[in-house]
Amino acid sequence: MPRSYGESKLVVRYRAGLRLRRSGSLPARVVSVMGLLSSGNQSRHIRRIAVKSIKRIALVSAISASLVAVMGGAANASMSADTGSTYVAYEGPGFTGQTQVIDRCGTTNLRYRGSYKWYGSGQSGRMHNQINNRGPVHFVLPTNGNAKQATGVGWKSIFVVC
């Protein structure tokens with residue numbers, strides 16, 4: 001249907017939709033919206049829906065852009081903090097029970113001290129018998145080697161040197 005002077009594209013699409021609705025080729029949800037629009041002030045309803053749609057599109061675009069920025073920053077932060085070396089603390093002796101996996105630089109307090117496995121890959125681990133790396137270093141885990149102990153340890157914190 002050609003546009004007459006002053007009609008927006010949305011009005012033309014609305015009229016085309018009315019023709020489709022009458023022919024039965026539109027889904028029920030669209031038909032109910034079209035029925036809503038066909039009663040009363042059509043152009044006001046159409047403008048209101050158009051404004052809501054534009055606002056919704058702008059909001060979704062802004063949220064998507066911010067999520068991409070946040071996730072990208074988090075990925076960069078996690079990649080820079082990843083050590084390559086990994087300490088696995090086990091709740092029970094013989095590498096049993098719940099685990100705590102430590103694979104980042106810096107200080108971490110140990111939740112479990114039943115047994116452990118160390119996979120060295122470029123960084124060393126300094127073991128302390130007090131939380132928050134207080135007191136002297138009691139043991140240094142190797143930079144490029146593995147270590148494990150199936151019995152309990154007294155260490156309460158680890159400092160992974162990066």
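Reader: How many bridges join E5 to E6?
Author: Four bridges join the two strands, which run antiparallel. Two strands count as paired if DSSP finds at least two bridges between them. Strands here are DSSP runs of E, at least two residues long, and helices are runs of H or I, at least four long; both are numbered from the N terminus.

Reader: What kind of model is this, and how are residues numbered?
Author: This is a predicted model, with residues numbered from 1 along each chain as its sequence is written. Local features need pLDDT of at least 70 and side-chain atom pairs count only at pLDDT 80 or more, while totals for chains, interfaces and linings use all residues; side-chain values use heavy atoms, without hydrogens and water.

Reader: Which residue in E6 is the bridge partner of Arg-126?
Author: That is Val-140. In E8, Arg-126 stands opposite Phe-159.

Reader: How many bridges join E5 to E8?
Author: Five bridges link E5, residues 124-128, to E8, residues 157-161. These strands also run antiparallel. Ser-124 has Val-161 as its bridge partner in E8.

Reader: In what order do the strands of the sheet come?
Author: The order is E3-E8-E5-E6, in an open sheet of four strands with antiparallel pairing. E3 (106-109) and E6 (137-141) are the edge strands, and each pairs on one side only. From one strand to the next, the twist averages 25°. Such angles run from 0 to 180 degrees between N-to-C directions, with axes fitted as lines to C-alpha atoms.

Reader: What holds strands together in general?
Author: Strands of a sheet pair through backbone hydrogen bonds.

Reader: Is E5 mostly covered or mostly open?
Author: Mostly covered: four of its five residues are buried. Buried means under 20% relative accessible area, exposed means over 50%, and partly exposed lies in between (1.4 Å probe, protein chains only).

Reader: Zooming out, how many helices and strands does the chain have?
Author: Three helices and eight strands. Along the sequence the pattern reads α-α-α-β-β-β-β-β-β-β-β. Of the chain's 162 residues, 26% count as buried.

Reader: Which residues touch the most other members of the largest nonpolar core?
Author: Tyr-87, Tyr-116, Leu-141 and Ile-158 do, in a core of 14 residues. E1 (82-92), E4 (115-119) and E8 each supply at least two residues of this core. A nonpolar core is a set of buried Ala, Val, Leu, Ile, Met, Phe, Trp, Tyr and Cys residues joined through side-chain atoms within 4.5 Å.

Reader: What is Ile-158 in contact with?
Author: Leaving aside neighbours within four places in sequence, its contacts include Tyr-87, Trp-118, Met-127, Asn-133 and Leu-141. Contact means heavy atoms within 4.5 Å. Thr-108 is also among the contacts of Ile-158.

Reader: Where is Thr-108?
Author: Thr-108 sits in strand E3. Thr-108 counts as buried because its relative accessibility is 9%. Not counting residues up to four places away, Thr-108 touches Gln-100, Ile-102, Ser-157 and Ile-158.

Reader: What about the loop between E2 and E3?
Author: Cys-105 lies there, with E2 spanning 96-104. Cys-105 is partly exposed, at 27% relative accessible area. Cys-105 and Phe-159 are 54 residues apart in sequence, but their C-alpha atoms are 7.2 Å apart in space.

Reader: New topic. What is the phi of Asn-132?
Author: About 55°, a positive value, although Asn-132 is not a glycine. Most residues other than glycine have a negative phi. Asn-133 also has a positive phi, near 55°. Asn-132 lies in the loop between E5 and E6, and Asn-133 is found in the loop between E5 and E6 as well.

Reader: Is Asn-133 buried or exposed?
Author: Asn-133 is buried, at 14% relative accessible area. Asn-132 is partly exposed, at 38%.

Reader: What is the mean pLDDT of the chain?
Author: The mean is 76, and 51% of the residues reach 70 or more. Over residues 74-80 the pLDDT is below 50, and this stretch has zero contacts in the model beyond near neighbours in sequence. pLDDT is the predictor's confidence in each residue, from 0 to 100. Where pLDDT is low, the predicted coordinates should not be read in detail.
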